[in-house]
Amino acid sequence: MRLKCDLHIHTKEDPRHQLNYTAEELIDRAAEKGYQVISITNHNIVTYSERLAQYASTRGILLIPGVEATVMGKHVLIYGVDKMDTKWDRMTFFDLKRVRADGAFVVAPHPFYPNYNCIGTLLERFSSLFDAVEYSHLYTKKVNFNHKAQSFASKNNLPILGLSDAHSLKQLDYTFTVIESDPDQESIFAAIRGRKTSIVTRPAKIYTSSLVGLQLFGTFLMLHLFR
């Protein structure tokens, strides 16, 4: 079965950003666009419940529990986390090894983008703790930091996933992954590891991405100025 998937999306419940759409509204939009699998990966908080998973199921979507955790100051995507009790905002690489041993699936998001919270060269050192590498939708025809991620994935025999890192519903559908798998969490993880995937991608619209970037930067400043 071919599944249209996006496993890196943020919603209004994210404590780091003030977004204008809820988890339910995201699910509705994803259903309209034909997604069968999504994960809400808010920063350092798991936005997942049986009620939300059931709501997604009624819309034809498998909701995989996920989080964009902070590991030694760097962002890391972790899935299959609904029953895990972890302080997602201050993890160590030892913690990452522990949750992966407990069954979590780990992805390096936008690893080589020029941002302080991207894992960068640490990915080489801790590559054994990652199951896949992200190909992010935030690129243009002339500037694409995903090329280094592709080279790293090829060199280290890791699968690569096309994900949106959407902070706006307008960012959906520029980059996603089609996975050949049964529609359940463990089969999807196994299919990714087995590279039964293909990326569908096109460059982001500069106008939309710039507006989202300015909005996020403004929110970030406000949250830190008025703490």
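The legends below describe close-up views of a predicted model.

**View 1. The open sheet β4-β5-β6-β7-β8.**
Five strands make up this open sheet, and their pairing is mixed. β4 and β8 are the edge strands, each pairing on one side only. From one strand to the next the twist averages 35°. Between β5 and β6 there are three bridges, in the antiparallel sense. Leu77 has Val107 in β6 as its bridge partner. Helix α3 packs on the sheet and touches β4, β5 and β6. The direction of α3 makes about 10° with that of β5. Helix α5 lies across β7 and β8 and runs at about 160° to β7.

**View 2. Helix α5 and its cover.**
The buried residues in α5 are Asn146, Ala149, Phe152 and Ala153. These residues sit on the same side of α5, because they cover an arc of only 115° around the axis. The cover over the buried residues of α5 includes α4 (122-125), β7 and β8 (160-163). Ser154 and Lys155 are exposed, on the face of α5 turned away from its buried side. Just after α5, Asn157 has a positive phi of about 55°.

**View 3. The largest nonpolar core.**
This core has 31 residues, of which Ile78, Trp88, Leu96, Leu123 and Phe130 touch the most other members. Two or more residues each come from β4 (66-71), β5 (74-79), α3 (93-101), β6 (105-108), β7 (132-136) and α5 (146-155).

**View 4. The surroundings of Leu123.**
Leu123 is one of the residues that touch the most other members of the largest nonpolar core. With residues up to four places away in sequence not counted, Leu123 touches Ala108, Pro111, Phe112, Phe130, Val133 and Phe152. Among these neighbours, Phe130 also belongs to the group of core residues that touch the most other members. Phe152, another neighbour, is one of the buried residues in α5.

**View 5. The open sheet β3-β2-β1-β9-β10.**
This open sheet has five strands with mixed pairing. Its edge strands are β3 (62-63) and β10 (197-201), and each pairs on one side only. β2 (residues 37-40) pairs with β3 in the parallel sense over two bridges. In that pairing, Val37 stands opposite Leu62 in β3. Helix α1 (residues 23-32) packs on the sheet, touching β1 (2-9) and β2. The direction of α1 makes about 160° with that of β2.

**View 6. Strand β9 and its two partners.**
Five of the six residues of β9 are buried, so the strand is mostly covered. β1 and β9 run antiparallel and are joined by four bridges. Arg2 stands opposite Glu180 in β9. β9 also pairs with β10, in the antiparallel sense and over five bridges. There, Thr177 stands opposite Ile199 in β10.

**View 7. Helix α6 over the sheet.**
α6 lies across β1, β2, β3, β9 (175-180) and β10. The helix runs at about 100° to β9. Ile188, Phe189, Ala191 and Ile192 are the buried residues of α6 (residues 185-193). They fall within an arc of 160° as seen down the axis of α6, so they line one face of the helix. Just after α6, Arg195 takes a positive phi of about 60°.

**View 8. The aromatic pair Phe105 and Phe189.**
The whole structure contains six aromatic pairs. One of them is formed by Phe105 and Phe189, which are stacked. Their rings lie 4.7 Å centre to centre, with 10° between the planes. The pair links distant parts of the chain, 84 residues apart. Phe105 belongs to strand β6 and Phe189 to helix α6. Both Phe105 and Phe189 are buried.

Terms used. Residues numbered from 1 in each chain as written. Predicted model: local features only at pLDDT ≥ 70, side-chain atom pairs only at ≥ 80, totals over all residues. Heavy atoms only, no water. Buried < 20%, exposed > 50% of the residue type's maximum accessible area, 1.4 Å probe, protein only. Arc of directions from axis to C-beta. Core = buried A, V, L, I, M, F, W, Y, C linked by side-chain atoms within 4.5 Å. Contact = heavy atoms within 4.5 Å. Pairing = 2+ DSSP bridges. Axes fitted to C-alpha atoms, helices over the stretch in contact; angles between N-to-C directions. Phe/Tyr/Trp six-rings, centres within 6.5 Å; stacked < 30°, edge-to-face > 60°.
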